[in-house]
Structures are given as C-alpha cells and as structure tokens.
Amino acid sequence: MNVITKTVALPDGRTISIETGKLAKQADGAIMLRLNNTMLLATVVAAKDAVPGTDFMPLQCDYKEKYSAAGRFPGGFTKREGRASDYEILTSRLVDRALRPLFPSNYHAEVYVNITLFSADGKDMPDALAGFAASAALAASDIPFDGPISEVRVARINGAYVINPTFEQLKQADMDIMVGATEENIMMVEGEMDEVPESALLEALKAAHEAIKPMCRLQKELMKELGTDVKREYDHEVNDEDLRKQVTDECYQPVYAIAAAGNHNKNQREEGFTKIREDFKERYVAAHVTLAADELEEKNALIDRYYNDVERDAMRRCILDEGKRLDGRQTTEIRPIWCEAGPLPMPHGSAIFTRGETQALATTTLGTRLDEKMIDDVLDKSYQRFLLHYNFPPFSTGEAKAQRGVGRREIGHGHLAWRALKNQIPADFPYTVRIVSDILESNGSSSMATVCAGTLSLLDAGVPMNRPVSGIAMGLIKNPGEEKYAILSDILGDEDHLGDMDFKTTGTINGLTATQMDIKCDGLSYEILEKALMQAKAGREHILGKLTETLAEPRPDFKPHVPRIVAFEIPKEFIGAVIGPGGKIIQGMQEETGSTITIEEEDGVGKIQVSAPCKESIDAAVAKIRAIVAVPEVGEIYDAKIVSIMPYGCFVEFMPGKEGLLHISEIAWKRLESVEEAGLHEGDHTSVKLLEIDDKTGKFRLSHRVLEPKPEGWEERPQRRPRREGGERRNDRPRREEGRGRQEGNAPQPEEPRRTTPPAIPTGNFDF
C-alpha cells in the first residue's frame, strides 16, 4: 500500500488529517478524513463515457451516517439504516452545490460521490467536514475537476468567529453558516443568524475563506504527490461549428428583441422563444432534405444546445448593455406584490403571498406537545416544536406530469424557510407549530415566497412572533473578462437559470435570519457581495412593508377551533405525584376534565402542558394539578372531605394526597360524644383550618371550630399540667371547662368500662 497522509491545522489548533491509499482502493479516489475521533470516508467513481444524448452534469452526492459510528442501534423494526434522513439530504446538497459548478461544462459522464460517517465522538460536527473529504477524494482521482474546494462552518460566538465549532460551542452562537470555496473564490453559502447585520455576514465569509485556503493548498500538494494533477481525457460532445454560427446568426436578433421587449408574461415569452427555435429547425430541415432521420435527430439536439446559448447571451447582453430585464423591470425593481391573510376558514392560520408570477399558499396548524417531531439521527436525539414543509407540485410551472414524493429540492427549500422563521417563535410559546407551504405558481424564488406567506399565516393564527420576516432572491450577470456587472433584485426563474448567482437572504427589520448563496461564475469580489447584500436589504424591507400592510400584528385571539393550551412548571419532586402509580392520577384527570396533559422533566423542573377544546376543561385540569403540587400552609382554610370516622374524631383529606385528623375536640366548641353528633358522616365535606405542622413528624393539626364564633365566656383549658420537680407529671386531670366539669359538689363520675377488644389503631397523618 502506498499510504499518503496530509494534515492541516484549524485556527484553534485542532488538526484535520486526510489519508489515501489504504481503503477503498478500487474507487477512482478515496479519502479517510479525521478530526479527533470523528472519521469520514469519501469515495468518488466516474463512468468512462457519457450516456449518449446527455447534455448536463449527472453528478450524485450522497452523505450517509452509520449508527455504529456513535455506538447506537438504528430505530425501527429492522434495526438497519434505511432511506436518507433530512439531515443527510441537506448535507449532501451542501456538498453537491459546491462541487457541481467546477466540473467542465462539456463533461457529461456520471459521477458518484459518497461520504460515510464511520466514527463520531459527538463533539465535532461531521457535516462541516463532508465537503473537504469529497473534494479530497476528487483530488486523489483523475476525474476532470476545476477544484479543489473545501467547506467549513463558521459561528459567531460572543463576537468572535469560530471555525468548525463543536456541538457545545454552537449552542452559544448567534450565527451559524456553512461556506464552500476554492482557494480563490467563494462558491456556496448557507446558514442562519439571529438578526445580525449584513456586515457581520461579510466578516464571517472572510473568516471562513481564510480557513479554507490552506485546505485547498493541501489538496493540490496531494495531487502532485499522487500524479493526479493531470486529469483523464474525455470527449463527450460532438459539435458542428458551422451550425453553431448559423443558429447564432439567424436567431440572436429575434431572441434579443423578445428579451428587450420586457413582456411580463412568462408563458408568452417562452412561446416566442420556442417559435424562433422551431422556425429555424423547419428552415434547416427544408434546406437539408437529404439528411437521414438519425442524422436529423442529432442535428436537432445540437440546435437545441446552441439555441440555449444564444438565449443566454441575448438575455445577459440586454441587461448589461441596456439595463433591461426579461419582464421590463429595472435591476433594483421588485415585482408587483399582493397578499391575503386568512383566506381559508378552517386552518388555524392561512395566507396567500403573490409576487409577480410566483405564488405560495401557506397554512399554520397549532398543536400540543404530543405533536412534536422526534428527531432520531445518529448524533441528534431531540424534538422539534416548529415544523415547515414545502411542496412544489408540477402544475405550478404548467408541467403536465404526476406529482411524486418529496425530493431533495423540496427538503432544501423548506429547510431554508424553516431557518428563516424558527427563531421568531417565542421560546415560551406553548404550542407545536407546523407551516405547510404549497407553491401554486413558480417563476423565481418560491422559497422566499414561502417565508413571506409563512409569516402572514403565523400572524393570522395568532402566533405572537417576535418580528415579521421577509425574504428576497438576488441574481448577478457578470461576463468573464468584463468589468461591467449587474446585480438583480427579485430574480425570475430564467434569470436564475441563465445568470451567475442565486443569493437568497431573509430577515426582520433588525437584521438577517437566514441566507443561501450559489455562485456559478469564476469569481466574486467582496465588493460585489457587499453591494448585493445592501441591495437585498432594500428589497427585503420593501417586501416587509407589503406584509405589514396586509397584517402587521398577530390576531388578538386564536380561532374558536384552535386547541387551548396552558403551560406551567412544577417542582421536580411532584412529577410522580401528578402521574400517579402506572399513570393512574394523570389518566383520571384527563378522563374527568376532557383535557390532554403532558409532563416531562427538563432543566430540573417538571414542565406541564394542558390542552383542551374549551377553557372550562383546562381550568378544571389545572386546578387539579395545582392542588396536587400545592404545599399545605399554616393558617390556610381548606375544603376537606371526610374519609373515615373514629371515636376520637375523623380523618379528612383537605388536599389531594394530604390527610389529617380532625380531633373530636376541634369539631365544635361544645363537648361531643361522637362525630355523628355534629352531623358529619363519611363522604361529607367540611371546612378546616390548618393550625400547625409538626416539624418532626409532619403531622397536620386541623380545626373546624376555630372557623365558628367562640361562645361568650369560653375559657380554653390548658393543654398540659406543668411538670413537678424531678420531671414527673401530676396525675390530676386538668380542670374541666365550664359545663364539662364534675357535677356540683364534685361528685365522682362513673368509671369508664374496660375495653374487651383492642382499640382501633388510627392511620394517616394526624396529631392528637
């Protein structure tokens, strides 16, 4: 084995190593990357030839995590890793977006990049290392690639920018972004922020790029040592330069005229462009009637490719030379916007957001803690109480095809919108929140329409957002070798497809909350990035104004059919008392009140959430719980239920789970021969006052008579006689109160009969 190992140091002193020549040697390139005890294996394999007719880059990036990496079993019945989780898909997209633009434009062979997490210590975050590992595998291969690149995560913690922070460090950050770049240029950005200014994002990009540069240089050293700096030859395109010139000469001016006309209707523009192409094909066929069918099919494919180049060049020149966009707008102009809050009666919240030919319908649903999403990834076991799902049906672009399952694009766009909104849900808001965004029309930046529609639907549902959020997508037109460039606000789908940048930012009036950027050109200066950010801020604030015109504040109350929720905390030691043996107490409360009660321990306290369809049910459940966790207080008056009756008094339950003896002498101011003489029976209720709690035994001294007026002239008898010298007590009975003493003349009282059976042993918490 020819094992080669290279190392690079992070700014904080941690070392990343890449090793090749030991594992997966039959792949075109394989790298084992290691940071402390976190290890990823990246492999890359490419087909030798392209599939005939392929005119795009068939790249497939897959990131997978093994549960054994963290010493865990997979969940589910099969106990085997299954389909990719959202986290794995999102990480795969991060790698794909940084690599894809750097393959040669005429290279169409299938390329498969696989990154697998084989070891994880739970401290270092592996997703920040996946891009580095994938690029290093390409560097170790002879596959044509205009890299290398690397990716890092940068977090701002207490004002300092930390490269590849640990899981613990990230908890303290107000900015978390992933950056992919070559040694010269930034290629990809994605992340979330806690309302930070644009200047902070620029500083983070600079810090990330400085950390990426030595990683790229390390890969170039590896390529030279392996001899893979010379890539394999390929010939995936057959070209006809005469035909290319003919397409350009005959189609450029008509295409430019449509681009400069500024038609606001997407379908009409597409019909015009399509007619130009099809008319050229008809003329070409008429002029080449001798061509065989297969030759004609091949020429038609070339015409399609060359015509796309013409369309791209005409659109770009129209913007750069005349400042005219396809729909007639200026570069900084936002398309017309209209919004509606609450168009649907039964969802808890709903909204429609339309910007030009992009339209999103968002609904918000409020649920209980039982509706939270459980995350069971390799390195993340948690619950999410804010969910956002994005759907992109084919009819939104006028396509006649069936709607299949959720794809990577839907997951990625939904995640960006989720990041934009999640920190604006108050931490103490007791509901689980789910937003569903259905794209009804699409012509550019449907993910940003999702953010805007999601904001309005949250406000319509009565969610007390910290601040409304809006979003915008920015584009760039910059031809190689030219100084002139144009930054486009609120880009169309064609401007995204034919342009050089797709830069999305979301934020409140106070600052940025999320961003996503893909660069398709050779380079982008920080001056252009700063200008794009400032132009995006102006556009975002314009859109935010349209949102607040529609609905500026949350609805004052939830809709009648929204479940009502009350959340509060109890001391940790009372959790068991509320649940009861086998859940008997909590289940009983739910049955009696018609409510749903959840309880869990968090941060050393019991967090309770009570939900019910009406306020009366919630109040009843909350009262029962508070009674269980309440602490008896001396001097308080309680409604007590008589549990059992004894000759010397009765045992009463004056709080749930709290019993005490109401002594017969404390029932009334007069002498009673029995409890029943006072009209009390088992199951009856009577009011009692807590006089004392014994510090040693915890027994309760209760009284009912103190709640009634004391008879005039009443003299309280002493509780005990003083001790004699030597410590012995007098055996004399204490003097009886008036009306209860011996008969006049102190005649002796009849002697009490002897017991023939042992007395009943009192139980419970009481005091004589």
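This is a predicted model: local features need pLDDT of at least 70, side-chain atom pairs count only at pLDDT 80 or more; totals for chains, interfaces and linings use all residues.

I started with D500 and R312, whose side chains meet in a salt bridge at 3.9 Å, N to O. My cut-off for a salt bridge: a side-chain nitrogen of Lys or Arg within 4 Å of a carboxyl oxygen of Asp or Glu. D500 sits in the loop between α10 (493-498) and β20 (501-507) and R312 in helix α7, so the pair ties together parts 188 residues apart in sequence. Helices (H or I, at least four residues) and strands (E, at least two) are DSSP runs, numbered from the N terminus.

Residues are numbered from 1 along each chain as its sequence is written, and side-chain values use heavy atoms, with hydrogens and water left out.

I checked accessibility next: D500 is buried at 3% relative accessible area, and R312 is partly exposed at 31%. (Buried is under 20%, exposed over 50%, partly exposed in between; 1.4 Å probe, protein chains only.)

Then I looked up D240 and K299, which form a salt bridge with the closest N and O atoms 2.7 Å apart. D240 lies in the loop between α4 and α5 and K299 in helix α7, so this pair ties together parts 59 residues apart in sequence. Both D240 and K299 are buried.

Last entry: the axes of α5 (residues 241-261) and α7 (residues 293-322) come within 8 Å and cross at roughly 45 degrees. I take axes as lines fitted to C-alpha atoms, for helices over the stretch in contact, with angles from 0 to 180 degrees between N-to-C directions.
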